[in-house]
Amino acid sequence: SQLFNKVQPTSTKMAPHTHRVKKAKKVLKKFTLDCTKVVEDEVLSMNDFSEFLQKKIKVKGKTGQLTDVVSITVEGGKITVETAEQFSKRYLKYLAKKFLKKNSVRDWLRVVAVNPTSYELRYFNVLQDEDEE
């Protein structure tokens, strides 16, 4: 009976729970626009296209201020857009279509998704339409 008297009851309070906030890792997204067929036929200029993208891409609601967040590189007939911010592939397609319309070649070219991270500029199949007439 004396043993039970010496042991003091533990407190019912638990240690304070600390919440740890995990910092989100910066995920680098990489999108490509393949324009090789169009550039070989000299329909578009890659430099003009990359300049257009640099002027028009919005970062935090402002155009033309890519800073370190978005980088655009031209490799042959391909344009690569790398970003650490939230950026949708669909926005890149919208800008590509806008550029085609600006250069009045939207009637002959279309933007097609090749895989989940890239687009390709292709010609419309005009030959099939001529055979039907």
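1. Two strands are said to pair if DSSP finds at least two bridges between them. Helices (H or I, at least four residues) and strands (E, at least two) are themselves DSSP runs, numbered from the N terminus. In that sense, Leu 33 stands opposite Ile 79 in strand 5.

2. On the source: this is a predicted model, in which local features need pLDDT of at least 70 and side-chain atom pairs count only at pLDDT 80 or more, while totals for chains, interfaces and linings use all residues. Residues are numbered from 1 along each chain as its sequence is written, and side-chain values use heavy atoms, with hydrogens and water left out.

3. The chain contains five helices and seven strands. Their order along the sequence is α-β-α-α-β-β-β-β-α-β-β-α.

4. Of the 133 residues in the chain, 29% are buried; buried means under 20% relative accessible area, exposed over 50%, and partly exposed in between (1.4 Å probe, protein chains only). The accessible surface of the chain is about 10,700 Å², and carbon and sulfur atoms account for 50% of that surface. Such areas come from the Shrake-Rupley method with a 1.4 Å probe; for residues, only the protein chains shown count as cover.

5. A contact means heavy atoms within 4.5 Å. Among contacts in the chain between residues at least 6 apart in sequence, 56% link residues at least 24 apart.

6. With strand 5 it runs antiparallel, joined by six bridges. With strand 7 it runs parallel, through three bridges; here Thr 32 has Ser 118 in strand 7 as its bridge partner.

7. Strand 4 and strand 5 are also paired, antiparallel and over six bridges, with Glu 75 opposite Lys 78 in strand 5. The two strands form a hairpin with two residues between them, and Gly 76 in the turn has a positive phi of about 65°.

8. Helix 3 (residues 46-56) has Met 46, Phe 49, Ser 50, Phe 52 and Leu 53 as its buried residues. These residues lie on the same side of helix 3 because they cover an arc of only 155° around the axis, the arc being that of the directions from the helix axis to the C-beta atoms. Asn 47 and Lys 55, on the other side of helix 3, are exposed.
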